[in-house]
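The stops below go from selection to selection.

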Amino acid sequence: MHEGAITRSILDAAIAALAENEVRGTAREVRVTVGVCQGLVPDAMQMFFDAFKAETPLAEAELVVELQRMVAHCPSCRQDFERDEPILICEVCGSPMNLIKGKELLITAIEVEE
């Protein structure tokens with residue numbers, strides 16, 4: 001389960017961003033976008049975040065995980081497809097497709113209450 005290591009990295013990056021920007025107040029929410037091709041389980045990320053956040057500046061924050069659907073392009077039939085599963089075979093012609101979106105792993109916002 002790589003959710004633990006990735007969630008720890010997210011937590012560390014958010015704490016570093018708060019310190020670097022000298023943010024004062026109570027962090028309430030850390031919002032992340034995760035592409036389905038990352039293979040991460042949001043519930044597991046929530047569990048690890050809750051376990052790791054104690055005694056940090058994010059102790060009162062919640063993790064909000066937004067899943068990014070996969071978008072792939074088929075060069076043979078020139079169509080784009082959106083999927084919730086990381087399948088890179090064209091459903092129309094059976095050709096391999098090129099991934100456009102779905103590998104994201106971004107902290108998109110940190111909400112702080114002053």
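Residues are sorted by relative accessible area, found with a 1.4 Å probe on protein chains only: buried is under 20%, exposed is over 50%, and partly exposed lies in between. This is a predicted model, in which local features need pLDDT of at least 70 and side-chain atom pairs count only at pLDDT 80 or more, while totals for chains, interfaces and linings use all residues. Residue numbers start from 1 along each chain as its sequence is written, and side-chain values use heavy atoms, with hydrogens and water left out.

**Stop 1: Arg 28**

Select Arg 28, which counts as partly exposed at 27% relative accessibility. Arg 28 sits in strand β1 (residues 26–35) and Glu 60 in the loop between α2 (42–52) and β2 (62–68), so the pair ties together parts 32 residues apart in sequence. Helices (H or I, at least four residues) and strands (E, at least two) are DSSP runs, numbered from the N terminus.

Glu 113 is partly exposed, with a relative accessible area of 45%. Shared partners join Arg 28, Glu 60 and Glu 113 into one network.

**Stop 2: Arg 31**

Move to Arg 31 and show Glu 29; their side chains meet in a salt bridge of 2.8 Å, N to O. Arg 31 is partly exposed, at 24% relative accessibility. The salt bridge count comes to 10.

**Stop 3: the nonpolar cores**

A nonpolar core is a set of buried Ala, Val, Leu, Ile, Met, Phe, Trp, Tyr and Cys residues joined through side-chain atoms within 4.5 Å. Select Val 30, Val 32, Met 45, Phe 49, Leu 58 and Leu 63: of the 16 residues in the largest core, these touch the most other members. α1, β1, α2 and β2 each supply at least two residues of this core, and α1 gives the most, with 5 residues.

Centre on Met 45. Leaving aside residues up to four places away in sequence, its contacts include Glu 3, Ile 10, Leu 40 and Val 65, where contact means heavy atoms within 4.5 Å.

**Stop 4: Ala 17**

Finish at Ala 17 in helix α1 (residues 3–20), partly exposed at 28% relative accessibility. The C-alpha atoms of Ala 17 and Gln 79 are separated by 39 Å.

Note on methods
A salt bridge is a side-chain nitrogen of Lys or Arg within 4 Å of a carboxyl oxygen of Asp or Glu.
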